[in-house]
Amino acid sequence: MERPTETEAPAEASAAAGTGAAADAPTAAPPPAEDPTGTPPAPRRTWPRRTRRTALALLLLVLLPLLASQIALRVNYAGDPADGTRTRGRDALWLGHAWVDGRRGDADVAALAERLAGTGVKDLYVHAGPLEHDGTLPASLSPRARWLVGAVHREMPGVRVQAWLGDVLATEGPTGMRLADPGTRAHVVRSARQILDAGFEGAHFDLEPLHSGDRHYLGLLDRLHAVTRARDVPLSVAAHQIDPLPGFHSFWGTVAGHPKWWSQAFFGEVARRVDQIAVMSYDTMQPLRSTYGGYVAQQTSLALEVTPPGTDLLMGLPFYHENRFGHWNHAETARAAVRGARLGLSRTDAGRAHFGVALYVDLAATDSDWAAYREGWAEHRGG
């Protein structure tokens with residue numbers, strides 16, 4: 001705001017002496033000048049300037065924290081991973097539905113075995129759903145499940161085949177699965193028994209968008225884990241990312257209507273209820289490869305801090321290529337994710353045995369993606 005102009009002139013000493021008490025009265029301001037036409041000047045309009053300054057202040061209020069966060073993520077991507085931060089033989093690969101509906105055959109399994117030879121892939125999450133909104137699972141969706149399990153055992157001894165089940169939750173729209181319904185949760189548990197009866201060697205669940213703090217989800221995991229534990233097979237889940245700043249999911253939910261992240265405490269509660277937790281560390285809205293890699297390093301550290309040592313923590317690698325809001329193909333690369341995961345592991349718990357990466361997804365992967373995984377993580381080298 002501008003300082004106001006003075007409109008009073010100091011009285012001269014001679015005038016004060018000649019007028020006595022009149023000198024104590026303020027001197028009248030000179031009349032405002034008129035233009036030659038006799039029209040008085042218009043009052044000064046200060047609101048456009050104030051509006052511009054307010055807009056600039058608001059812009060800086062948004063941009064400065066964003067810029068600071070980008071710098072911090074870039075710094076987080078600097079440095080070298082610790083020696084030995086390589087595969088522990090607990091990696092996983094998401095596979096599409098074609099593997100259980102009859103479109104894939106023996107030759108495809110042999111080719112996959114050749115692709116995975118010498119890597120750390122232990123689990124295959126094979127799409128066997130989706131679940132119906134009421135939690136049920138049509139048996140007709142996976143007619144070749146037993147064939148696939150047998151073929152994998154023959155070609156890739158020691159590799160497990162888990163059923164990947166998921167659905168859209170009705171958390172941000174009118175349709176979808178409603179976990180608050182006890183009947184729906186009971187159907188999901190029954191579906192887990194169903195896929196294990198079909199020959200799968202574990203159950204992997206991906207329910208989205210799942211909001212942080214959902215107690216119905218935690219209760220469902222307790223029931224599912226009882227089923228898988230009784231069969232001596234793993235329960236695995238795909239997990240949302242963790243708040244990059246405390247409470248960020250609440251802020252984002254307010255401004256965007258989609259909380260997206262989980263609190264670190266809720267992530268820990270989920271991790272304590274499962275055997276494997278795979279972080280979907282992609283679709284991060286990061287514009288640069290360096291900031292994306294720094295983000296994955298941050299996510300890795302946050303997840304390690306609250307995941308029990310006996311639970312497999314897997315960081316997702318983007319084996320797909322899209323350009324849309326939230327995912328820039330040039331930034332979210334498998335190579336940057338691998339390096340970020342190694343940096344986070346190095347800084348937080350370099351010796352963690354139950355750690356790996358999860359590759360999403362086979363049907364979109366390129367040779368470059370596989371090379372990034374092998375060279376950056378799967379090959380046993382000193383660094």
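Trainee: Does Arg273 count as buried or exposed, and what is its relative accessibility?

Mentor: This is a predicted model, in which local features need pLDDT of at least 70 and side-chain atom pairs count only at pLDDT 80 or more, while totals for chains, interfaces and linings use all residues. Residues are numbered from 1 along each chain as its sequence is written, and side-chain values use heavy atoms, with hydrogens and water left out. Buried means under 20% relative accessible area, exposed means over 50%, and partly exposed is in between, with a 1.4 Å probe and protein chains only. Arg273, at 18% relative accessibility, therefore counts as buried.

Trainee: With which residue does the side chain of Arg273 meet in a salt bridge?

Mentor: Side chains of opposite charge can pair when their charged atoms come close. The term salt bridge is used for a side-chain nitrogen of Lys or Arg within 4 Å of a carboxyl oxygen of Asp or Glu. Arg273 meets Asp222 in this way, at 3.1 Å from N to O. Asp222 is in helix H6 (residues 215–231) and Arg273 in the loop between helix H8 (264–271) and E6, so that distant parts of the chain, 51 residues apart, are linked. Here helices (H or I, at least four residues) and strands (E, at least two) are DSSP runs, numbered from the N terminus. Asp222 counts as partly exposed, at 41% relative accessibility, and both residues belong to a network of salt bridges that links Arg215, Asp222, Glu269 and Arg273.

Trainee: How many salt bridges does the rule give, and which residue forms one with Asp123?

Mentor: The count comes to 15 salt bridges. In one of them Arg160 pairs with Asp123, and the closest N and O atoms are 2.8 Å apart. Because Arg160 lies in strand E3 (residues 160–168) and Asp123 in strand E2 (residues 121–127), the pair ties together parts that are 37 residues apart in sequence. Asp123 is buried, with a relative accessible area of 0%, whereas Arg160 is partly exposed at 24%.

Trainee: Why is E2 described as largely enclosed by the rest of the structure, and which strands pair with E2?

Mentor: Five of the seven residues of E2 are buried, which is why E2 is called largely enclosed. Two strands pair if DSSP finds at least two bridges between them. Strand E1 (residues 91–95) runs parallel to E2 and is joined to E2 by five bridges, with Tyr125 in E2 as the bridge partner of Trp94. E2 also pairs with E3, again in the parallel sense and over five bridges, and His127 stands opposite Trp164 in E3.

Trainee: Into what do ring pairs link Trp94, Tyr125 and Trp164?

Mentor: Rings of Phe, Tyr and Trp (its six-membered ring) pair if their centres lie within 6.5 Å, and planes under 30 degrees apart count as stacked, over 60 as edge-to-face and the rest as tilted. By this rule there are 13 aromatic pairs. The rings of Tyr282 and Tyr320 are an edge-to-face pair, because their centres are 5.7 Å apart and their planes stand at 85°. Tyr282 lies in the loop between strand E6 (276–279) and helix H9 (289–306), and Tyr320 in the loop between strand E7 (312–318) and helix H10 (334–349), so the pair ties together parts 38 residues apart in sequence. Both Tyr282 and Tyr320 are buried. As for your question, ring pairs link Trp94, Tyr125, Trp164, Tyr282, Tyr320 and Tyr360 into a cluster.
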